Number of protein chains: 4
Amino acid sequence: MEDCQSIIEEIYNVVKGDNKGDVASYIPELSTIDVNKFGVCLRTTEGKQFAYGDFKTSFSIQSIAKVLSLSLAYSILGEQIFRRVGVEPSGAAFNSLSQLETENGIPRNPLINSGAIVICDILCSALKNPKRELLEFIRSIANSKTIAYCPKIATSEKETGFRNYALINYLKSFGNIENDVDTVIELYFHLCSIKMNCVELSIAFGYLSNKGIQATTDKRILPESGTKRINAIMNLCGFYDEAGEFAYKVGLPGKSGVGGGIAAILPENYSVAIWSPKLNEKGNSYRGMKFLELFTSETQDTIF
Amino acid sequence: MEDCQSIIEEIYNVVKGDNKGDVASYIPELSTIDVNKFGVCLRTTEGKQFAYGDFKTSFSIQSIAKVLSLSLAYSILGEQIFRRVGVEPSGAAFNSLSQLETENGIPRNPLINSGAIVICDILCSALKNPKRELLEFIRSIANSKTIAYCPKIATSEKETGFRNYALINYLKSFGNIENDVDTVIELYFHLCSIKMNCVELSIAFGYLSNKGIQATTDKRILPESGTKRINAIMNLCGFYDEAGEFAYKVGLPGKSGVGGGIAAILPENYSVAIWSPKLNEKGNSYRGMKFLELFTSETQDTIF
Amino acid sequence: MEDCQSIIEEIYNVVKGDNKGDVASYIPELSTIDVNKFGVCLRTTEGKQFAYGDFKTSFSIQSIAKVLSLSLAYSILGEQIFRRVGVEPSGAAFNSLSQLETENGIPRNPLINSGAIVICDILCSALKNPKRELLEFIRSIANSKTIAYCPKIATSEKETGFRNYALINYLKSFGNIENDVDTVIELYFHLCSIKMNCVELSIAFGYLSNKGIQATTDKRILPESGTKRINAIMNLCGFYDEAGEFAYKVGLPGKSGVGGGIAAILPENYSVAIWSPKLNEKGNSYRGMKFLELFTSETQDTIF
Amino acid sequence: MEDCQSIIEEIYNVVKGDNKGDVASYIPELSTIDVNKFGVCLRTTEGKQFAYGDFKTSFSIQSIAKVLSLSLAYSILGEQIFRRVGVEPSGAAFNSLSQLETENGIPRNPLINSGAIVICDILCSALKNPKRELLEFIRSIANSKTIAYCPKIATSEKETGFRNYALINYLKSFGNIENDVDTVIELYFHLCSIKMNCVELSIAFGYLSNKGIQATTDKRILPESGTKRINAIMNLCGFYDEAGEFAYKVGLPGKSGVGGGIAAILPENYSVAIWSPKLNEKGNSYRGMKFLELFTSETQDTIF
């Protein structure tokens, strides 16, 4: 990994000019982003950092945050959260309702919207002040006190999130939401609004590359088996309906967000965060996918 | 029809003892009803009335009210309401969401929940005070000033109606709800809460048996073609997934509700309302179906 | 009905020039038909006949034949055929497989392909020589000895009928086909290949307008209740996903075929057959629908 | 890995007594198997072999063979096979038809039945004598001249395989089968009938653990990228609807069959084949899963 910095810079510069795709447009905060932004940060389990481009600029991590809320819920309740949400790929759109209809309100996995909403409900039941405690957890694993919810984004999500309101009410009709609908969805929309930069995000995912232990502090975030569980879920369900393609081209467990971010890990090696706002037709960062594809080809190291 | 009263009484007494099934139990107001209640009222297009049993007792007409809101919307906007809701049988449950997913948020017909919600939205756009004007319309066609929404039922529906909240938010996500979600669902839950007795209900359905003209006042409620439209829809979509069975056994266009009511019409002959709270496994009044089956066999007059 | 002939001629001539749509193209025998053909024949229950245009030209009645095989099966086994096929609208395409997946291989009704295949299987079990006996039944109810299967069409259906092969094997996998797949599908493809002219077709449907009795011979084809059953099924399921529209515009129970034919009945009044090859986007005869719409408007007599 | 043999033996003996589940029963050849059989063989990329139990007994590898036909097709045509079959998890049953309906006859991946049938069609188009050449390929990668199709199993599959006949005809109706239905399904049923023992199976999967090169002969079977592709597909789609659970508990790309076999690989380390006929409720070998779970826990080496 000694020449990691130069590999990153080289690939960054190759990919930079090929900025295809479109930014997400359903809320103003995403549609008006500077499309030229492009940052990357890789952190090894030994604590080395390699970063380039706009890695210090915060962006809306969107669905990547679902891994963080899942981690918090798992750290509190362990495997029993899977009584209420599955661990299998959905084979349907991330915001699909039909699957819930045939499967009695049990979402397929915690990384699709319905599953992440159930995780939020679990947190609402388990925590005194879920919104604050979730943020504290994220700040702690990302080793950063300045990470925050973005009120504008949370409000925009709320104002346009009719599909998510449909999902939570549908889940509630099956008895798979314990708390008040408004309380839970409030937490969910805030979860989606978190802004982080590439450094923070790569630190936050560090324990997933390090058997559950935060590299910067040696603190255990999750048991080793919990880390394996979340990595397995990311691997199978982390990239909308491009999981198979990502597994082949990149070969790292990870999660993407419609803000153009991707976080991924190579077990016992590194965590990496990358950000470029334009998305391919499957909803994953166009340059982010490209970068990781070239990077794993160059370093010849994937899970496969 | 001269011996209509005696036929009704005879069949009533035959059916009375065979009180199978279960009352709807999702709200207290339905589950605590006296299961022995059983009333019927038939009104001919010439204005004759034949009634028996508990025909003066008000009950929750529930989904039967969807025909009344549809009639009001049709009277204002005519066929153009079918740009936003279909006229075909759904082949799925009355509160299904999956069909909306594949059909871009256009409900199959106005008698399933999603379709009735769209009709409520249409009324919210078209009327100044939709809740009041809808009630006035119903009172006018039923020729009764005492018909009212039942606040208890409306509240219960609201508190347990997560599936309906899911539906309206889902419809809104497809752009098929123009007004505020809360405003529209408020009207919908009130619509479902209307209480009427068999006499009022048979009068209210009178114009559907009389080419659009109210028999009691000679007032035109709908154009003749609109009557045909609504009768066709009732015939194909009025009895949940028992439309085919009802068409065969009874052979009258009609609509049932989970409160145990059924309203049906024989074109150019009569409208009939019947009420018995226990439901068969398809959700239609057990004794109500039985009564109409025997009645149409005896009178030998159906649409087929 | 005295001026029925002149009404028919007048409407025929109005509709004639408006020949929109496309002929079915999946087999050569349908795609090469003369698109200008247009015939109609109406027969009253008293035995009067009114016909115009190409009413003596035989055409491929296609799916209309499903009513005839259903009638034969019903005449042998009565209501028990509905243990293996439903009586409700499907809400899905006529050749859909997904519904079978969720409903354990029980087709929704006997007028969609899967249901008609099950009826063919029932006939294969009940008859010694199903192909011959089915044809004899059709000749008998149509009062014509020259009606025949078209070998060319049967062969074309077989060569291109992969979806139907899929359906029958799927049904068999659920145990809802008793006989050999090849035997049953052979009967099915022959059923679809029957050619009749408008006169024969209107005679064949006569008993459905006459409480089960063939007008020409006074012979009972079906019990009165069986007639009601089949009329109810036609009304709800006879026009692909245009049943609701047909019920409204025309208001007669009937069945259409992709060959451009439509047969319909007004109970206790008449049966009518019409043929014009070009289909609307729902797969029903464009001019056939138009004619019936204008005709029932003019005669002011429908089931609604 | 020096003490690999003792670890295998120890875990084998722990798991041996816990023989839950049921054997597959849809064909006699599977239902009459000796349920006590239990064998395992692991081969490292350096060519070392560790085996125990009934590792020399041949068994029906069933769906595991889908990886072998996929490998052959990929070796001939490379990535272009994915124009006709996807690489994503299906989220539905392995023999589902509904998904094909909404996705125009393109199977989700090559390891579900529909996908494997398309691969067979690709082989029928690409090879002169597909049945013989496929067997030769399998013999060559398994380094065994005695591997053979089992005619009894192939015949049983054919006689009971109505769902597969449905699938192939359905695929054909979408134009995604180029060859004659009977030719292709013949190859498919033979593919499912292959019998191998654990040694042969672990050798056959060796190149997937060795960047595409057969360890015994140093022969390249697939390009490195092809190996990655197939491993990614196995990882996401190899265990029916237990892929997520297997990824978590075992953490190796692999494929199971209803005969009770599992083949799996740890990249750049080893391939392993295990066989125990009784299946858990998801259709995967009960003791096979258990063994691999304990083995990967003990060796602390998985892809995650």
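This is a predicted model: local features need pLDDT of at least 70, side-chain atom pairs count only at pLDDT 80 or more; totals for chains, interfaces and linings use all residues.
Residues are numbered from 1 along each chain as its sequence is written, and chains are lettered from A in the order in which they are written. Local features need pLDDT of at least 70 and side-chain atom pairs pLDDT 80 or more, while totals for chains, interfaces and linings use all residues; side-chain values use heavy atoms, without hydrogens and water.

In chain C, 34 residues are in contact (heavy atoms within 4.5 Å) with 34 residues of chain B. The buried area (accessible area, 1.4 Å probe, lost on putting the two parts together, summed over both) is about 2600 Å², with 54% given by carbon and sulfur atoms. Of the area that chain C buries against chain B, 31% comes from Lys228(C), Tyr248(C) and Phe304(C), more than from any other three residues.

Two salt bridges (a side-chain nitrogen of Lys or Arg within 4 Å of a carboxyl oxygen of Asp or Glu) are found across this interface. Glu245(C) pairs in a salt bridge with Arg229(B), with 3.5 Å between the closest N and O atoms. Helices (DSSP runs of H or I, at least four residues, numbered from the N terminus) α11 (224–237) and α12 (243–249) of chain C each supply at least two residues of the side that touches chain B; α11(C) gives the most, with eight residues.

The second largest pocket is lined by 44 residues, with Tyr240(B), Asp241(B), Glu281(B), Lys282(B) and Gly283(B) nearest its centre. A pocket is an open set of points on a 1 Å grid over the protein atoms alone, where a 1.4 Å probe fits, with protein on both sides within 12 Å along at least five of seven lines; lining residues have an atom within 4 Å of a point. α13(B) gives the most to this lining, with four residues.
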